[in-house]
Amino acid sequence: MNWSFSIGDVRGTQIRVHATFFLLLAWVMAAAWLVDGPGAAIVNVVFIMAVFACVVLHELGHVTMARRFGVRTRDITLLPIGGLARLERIPEDPRQEILIAVAGPAVNIVIWLILTVVLGASFSLNVLQSLEDPGLGFLERLAAVNLLLVLFNMIPAFPMDGGRVFRAGLAMFMERVKATQLAAQAGQVMAFLFGFLGLTSGSPLLILIAIFIFFAAGAESSQAMLRDRAHGARARDAMITSFEALGPEDTMEAAAHAVLRTEQSEFPVVGPDRRFVGMLTRTSILGASEAGRRNAPVSDAVTTDIPEMWLDAPMDEVLDMLASGDAPAVAITDRAGHFLGYITRENIGEWVILSRKLV
């Protein structure tokens, strides 16, 4: 995710913090400082950090359960509205998806039990109404937040945990794509309700959550349709075969001329033996021109960590490759390793639209 920074790694899963999270900390500190002074500001910032530690544990609950079913989690990103775990894939078995979805809230229940039963934190509904008050007990507020996280996440608004349980339940009785579409529509209706409540109550956080749910639900629905269309397809079906390639010894000046005479955003760099070397992006070419490196060889700016796949590779694997990192494309080769073409995220979308019309 753009504008996020890695702060560590837990068993192969990166923990990332979005830049807007620091804006939240600054806002919390400033608001508390103006009302109750520096002491309250420090307490509230520490409290927010503790809350997000609980959010990380919540997401690690999803990660741990997903790993039991052979599903890897690429990263966890902390946002001002909570955490977001990016699973490599969603299990085909709806029962596994349900277990992964409820694992996160289950962690918050355990934290709540530890805070109340073991550490003796008291709980009352009044705490939920005054979570920002540093005068209330730290552990009491933290326990209340964990209970609130359970209740909030289990609302059946896809793609939240409750929405995923709802989708998995539907998938037991209908096709997965249809179940995802219905769950996404329900999530977007819920987003409108959140937005309305946010506007009428003057809560910018509810409005932000509503926007996130609305667009995330639509994206999940589109991704499910894409995966469904990819079943049975091969890399050759969406491969770009008409392109201009560059050689490793070509200059950035030659690459700049290629930008002017083509509409390509990526330029394959291919050796004289037709072996794939890497990919040169339009951004790199323009940057070299601005920096006065027009005579530098293309090999100085080429991106070499581009995944390669065979011509008859399943389209599902191509999608996994494109989703697994920041590579601009997937290179397609024959069995002998000769470069044949490439696939980008953009032409995957075009392939989906055209293949739907041709069916």
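**Crossing of α2 and α3**

In which hand of crossing does α2 pass α3, left-handed or right-handed? In this predicted model, α2 passes α3 in a right-handed crossing, a crossing being right-handed if the near helix is turned clockwise from the far one by less than a right angle, and left-handed if anticlockwise. Helices (H or I, at least four residues) and strands (E, at least two) are DSSP runs, numbered from the N terminus.

The axes of helix α2 (residues 38-68) and helix α3 (residues 94-118) cross at roughly 140 degrees and come within 7 Å; axes are lines fitted to C-alpha atoms, for helices over the stretch in contact, and angles run from 0 to 180 degrees between N-to-C directions. α2 and α3 are therefore oblique to each other, the word for angles that are not under 35 degrees (roughly parallel), over 145 (roughly antiparallel) or 65 to 115 (roughly perpendicular).

**The sheet**

Four strands form an open sheet in the order β1-β2-β3-β4, with mixed pairing, where two strands pair if DSSP finds at least two bridges between them. β1 (4-10) and β4 (82-87) stand at the edges, each with a single partner strand, so one side of each has no neighbour in the sheet.

β1 and strand β2 (residues 13-18) run antiparallel and are joined by six bridges, and F5 stands opposite V17 in β2. Helix α2 packs on the sheet, where α2 touches β1, β2, β3 (73-79) and β4, contact meaning heavy atoms within 4.5 Å.

**Basis of the model**

Residues are numbered from 1 along each chain as its sequence is written, and side-chain values use heavy atoms, with hydrogens and water left out. Local features need pLDDT of at least 70 and side-chain atom pairs count only at pLDDT 80 or more, whereas totals for chains, interfaces and linings use all residues.
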